[in-house]
Amino acid sequence: MIWQAQNVSKQFRYRTKLFGSGQLMVLSGLSLAVGQREIVGLVGESGSGKTTLAHIALMLDRPDNGRLYLDGVSYENYLDKKKFYRQIQIVFQHSSEALNPRWTVKDIIEEPLCYLTQLDSDARLERIREIMEAVKLPSDLLKERPGRLSGGQAQRVSLARALVLAPKFVILDEPTSSLDVVVQRLILQMLRQIHEAMKTSFLIISHDLAAVRRIADRIAFIHDGRIVEEVKSDALGKVQHPTARRLVLAAERLSDGI
Amino acid sequence: MSCQSDGFMQAWDKARPVCRQTHVLLYCSLCLLILYAGVALFAPFLAPHDPLQANIANRLKPPSAEYHLGTDQLGRCLYSRLLLGARNTLLSAGAVLSATLVIGTLVGLFAGFLGGRCDFIIQRALDGVMAFPGLILALAIAGLLGPGLENAVLALSLVHWAGYARIVRNMTLSWRERTFVYAAQTAGADPVAILRRHILPAIVPSIAVIATLDYGRIILSIAGLSFLGLGAQPPAPEWGSMLSDGKAYMQIASHLIIWPGAAIMGIVLALQLFGDALKRIWNEQDVERGK
């Protein structure tokens, strides 16, 4: 197991008008594991807690209950955040918002190298060029700012930034949702190649089962903050849970239509 | 400019005339500001007379070849006093501005970024400071330490920084939730690095605009304090106190209040225009960046 979540719960408190307040259960006892060199798809409808899980997995938020493990080590034992982030990275949803509009592509991809490695600036630049080649970004984009990038390019920059440290595990939050079908397919193909070349494990969070099942080894369905079903991606026909069934049917109808 | 769409071109065409006007405005106000700075810097060399030398025989003279702007109630050269007053007025306002900017920005950044209980405590402290009228504090400080320009600067700084802290805190709060700040966290950046490299550059343009506009307000506050006798002490020349001294002779020697008044109005106007032009230009750049 490269990454594991055990019984993770998270609720948000919100305020209503004046003195009232309520609680929103986002994750309720979610357990999920990703094996070495495995690609797992986490599929669910909007509001099922997918992005919250991603934030908790990256220590950007704390769970109320439950334990998480990275490479067999519990999150509480990662006192050195740098060691943690060298092994796990994320590609955020809406990748163009994850890029500082004032920075150049080079600065953006270089940021993790600056804080998490001891490489000098020449070695960093070389590493940036390598990774840009791997995600098929032309090197003349190095000096561009994110405002000038297309959606697919922004997604590749985000991906390059996550992969530049060669982490063991990468979470991709809706990596294809804002892209058109052609670019979607290119990105998925590229993920496959990177997975084979760099032996990275991926957790791909998406609402789009049709896209995810192309590359995932295993699909986990999330509903109301917990995993309701897990199947191999070639056995999607056998799902039992009503939400999972609905998603599978929708995906099949969609691919038939295309 | 490889990816210009029609929408972008339309926006560009619309922005261009504004752009030219704005640049003219920017350079004009900048020239005026440089003029003021030059006067403040070289005042001792430019002044034809000693600004402190009184000559009762010459009092309240209208403008003449010898005294370009006339003389005041003690027969001192108004022109020389105006030039040397620039130094006192502009420098003390600059001191207030830099002190408030540094303290306000630091406090605001940390309050906004840390959030939670820390933010709450800082906020209440700011409420306390802001509830205190500047003039009353200046009176208190003048009472404790004696009236003077330095004490007026101290009093205004003590009151003024809270406003900046609040603005910076609110801006920090909104930038902190941006995805790229989370991304910086996963890149291993510590909070200070995030503040310095991501959040501060994002809010600096807004702070700079607010500061240029505020500089004018501070000059007016200092002039106001001097007018009340809490700022610059006689015989030192300062625009506010010159106005204050001149008001008794308004009807027989109106030049005593017209020229210091015009000097204050000029710098405030130049700063307002400069700040406004900066704001517009930065806004356009943001539009171009596609934000």
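Select strands β4 (residues 65-70) and β5 of chain A, which run antiparallel and are joined by two bridges; strands here are DSSP runs of type E with at least two residues, helices are runs of type H or I with at least four, and both are numbered from the N terminus. Two strands are taken to pair if DSSP finds at least two bridges between them. This is a predicted model, in which local features need pLDDT of at least 70 and side-chain atom pairs count only at pLDDT 80 or more, whereas totals for chains, interfaces and linings use all residues. Residues are numbered from 1 along each chain as its sequence is written, and chains are lettered from A and ligands numbered from 1 in the order in which they are written.

Stay with these two strands and show their residues. Tyr69(A) stands opposite Ser74(A) in β5(A), and Leu70(A) has Val73(A) as its bridge partner in β5(A). The two strands form a hairpin with two residues between them, and in the turn Asp71(A) has a positive phi of about 55°.

Widening the selection gives an open sheet of four strands of chain A, in the order β2-β1-β4-β5, with antiparallel pairing. Because β2 (21-34) and β5 (73-74) of chain A stand at the edges with a single partner strand each, one side of each is left without a neighbour in the sheet.

Now turn to the helices of chain A, and select α3(A) together with α4 (residues 121-134), which pack at an angle of about 115° with their axes 10 Å apart. The axes are lines fitted to C-alpha atoms, for helices over the stretch in contact, and the angles run from 0 to 180 degrees between N-to-C directions. α3(A) and α4(A) are therefore roughly perpendicular to each other; angles of 65 to 115 degrees are given that description, while those under 35 count as roughly parallel, those over 145 as roughly antiparallel, and the rest as oblique. To see the contact, display Lys106(A), Ile109(A), Glu110(A) and Leu113(A) in α3(A), which meet Arg124(A), Arg127(A), Ile128(A) and Ile131(A) in α4(A); two residues are in contact if their C-beta atoms, placed from the backbone, lie within 7 Å. The residues of this contact divide into four nonpolar, no polar and four charged, where Ala, Val, Leu, Ile, Met, Phe, Trp, Tyr, Cys and Pro count as nonpolar, Asp, Glu, Lys and Arg as charged, and the others, Gly among them, as polar.

Then move to chain B and select helices α4 (residues 134-145) and α5 (residues 149-176), which pack at an angle of about 140° with their axes 9 Å apart, and are therefore oblique to each other. Among the residues that make the contact are Leu137(B) and Ile141(B) of α4(B), and Ala155(B) and Leu158(B) of α5(B). The contact of α4(B) with α5(B) has eleven nonpolar, two polar and no charged residues.

Finally, show both chains, where 22 residues of chain A are in contact with 17 residues of chain B. On the side of chain A that touches chain B, α2 (81-87), β6 (88-91) and α3 (105-116) each supply at least two residues, and the largest share, four residues, comes from α3(A). By class, that side of chain A has eleven nonpolar, four polar and seven charged residues.
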